[in-house]
Amino acid sequence: MEITRIGPDDWERFREVRLASLADAPAAFGSRHEDWVDAPVERWRDRLTQVPLNLVAQESGRDVGVVSGQPDGDDWVELISMWVAPEARGTGTAAQLIGAVVDWAAAQDRRTCLMVRSDNVRARTAYERAGFVDVGVPEDWPADEPPENRMERRA
């Protein structure tokens, strides 16, 4: 397994794995496949510029996972856009991607947080195994949106 940090010049690689994630798990993300499938090159490059940490997991020459991290205030890095391909689930890929974001946050003296759909038991379990604590659905969560739990890793 190889974890690679990618940037704007890697937009085609990111596009492929991100579209796969949006097609595989449409309810897991704030973005939708149809919002991105025909996006121009500049939109892909901008996403990789605006979000400072973008990682892809590769196994046997194939991209099998993706995760990003972005600062959230002065004390936190938010782990976002996490996905592992179905054939790579249960192999430790998620743990390695999560760990890479946690390490990046720690190098900046920040803690790591994330939001995950309340009904996504598999993802919540993976985050708990990585040391995240479920702090519940934020009080101001919109009533018309599927609930998401905030999880935090403080150490």
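Guide: We will take the aromatic rings, a helix, a pocket and some loop residues in turn. Please keep in mind that this model is predicted.

Visitor: Let's start with the rings. How many aromatic pairs does a search of the whole structure find?

Guide: The general idea is that the distance of the centres and the angle of the planes describe a pair of aromatic rings. Here the search finds 3 aromatic pairs. In one of them, the ring centres of tryptophan 36 and tryptophan 44 are 4.6 Å apart and the planes are at 55°, so this pair is tilted. Tryptophan 36 is buried, with a relative accessible area of 9%, and tryptophan 44 is buried too, at 0%.

Visitor: And how should I describe the rings of tyrosine 127 and phenylalanine 132?

Guide: Their centres are 5.9 Å apart, and because the planes meet at 65°, the pair is edge-to-face. Tyrosine 127 is buried at 7% relative accessible area, and phenylalanine 132 is buried at 4%.

Visitor: Which residues form one aromatic cluster?

Guide: Phe14, Trp36 and Trp44 do. Arginine 18 lies over the face of phenylalanine 29, 4.7 Å from the ring centre. Arginine 150 does likewise over tryptophan 76, at 5.0 Å from the ring centre.

Visitor: Now a helix. Which residues of α5 are buried, and which are exposed?

Guide: In α5, residues 121-129, the buried ones are Ala123, Arg124 and Tyr127. They cover an arc of only 100° around the axis, so they sit on the same side of α5. Val121, Arg122 and Arg129, on the other side of α5, are exposed.

Visitor: What covers the buried residues of α5?

Guide: The cover includes the strands β4 (76-84), β5 (111-117), β6 (133-136) and β7 (148-153), together with helix α4 (93-106). After α5 comes glycine 131, which has a positive phi near 95°.

Visitor: How do I read the largest pocket, and what is its volume?

Guide: Rolling a probe the size of a water molecule over the atoms shows where empty space is left. The largest pocket has a volume of about 990 Å³. Its lining has 40 residues, and Met82, Trp83, Asn120, Ala123 and Tyr127 lie nearest its centre.

Visitor: Last, the loops. Where are serine 60 and aspartate 109 found, and what is there to see in phi?

Guide: Most residues other than glycine have a negative phi. Serine 60, in the loop between β2 (53-59) and β3 (62-72), has a positive phi near 55°. Aspartate 109, in the loop between α4 and β5, has a positive phi of about 60° although it is not a glycine. Serine 60 counts as exposed at 73% relative accessibility, and aspartate 109 counts as exposed at 73%.

Visitor: Is alanine 39 buried or exposed?

Guide: Alanine 39, in the loop between α2 (33-36) and α3, has a relative accessible area of 13%, so it is buried. Between alanine 39 and arginine 15 there are 24 residues of separation in sequence and 9.4 Å in space, C-alpha to C-alpha.

Definitions and conventions:
Residues numbered from 1 in each chain as written. Predicted model: local features only at pLDDT ≥ 70, side-chain atom pairs only at ≥ 80, totals over all residues. Heavy atoms only, no water. Phe/Tyr/Trp six-rings, centres within 6.5 Å; stacked < 30°, edge-to-face > 60°. Buried < 20%, exposed > 50% of the residue type's maximum accessible area, 1.4 Å probe, protein only. Lys NZ or Arg CZ within 6 Å of the ring centre and 35° of its normal. Helix = DSSP H or I, 4+ residues; strand = E, 2+ residues; numbered from the N terminus. Arc of directions from axis to C-beta. Contact = heavy atoms within 4.5 Å. 1 Å grid on protein atoms, 1.4 Å probe; cavity = no way out; pocket = protein on both sides within 12 Å on 5 of 7 lines; lining within 4 Å. Points joined across faces, edges and corners; volume = space filled by probe spheres on them.
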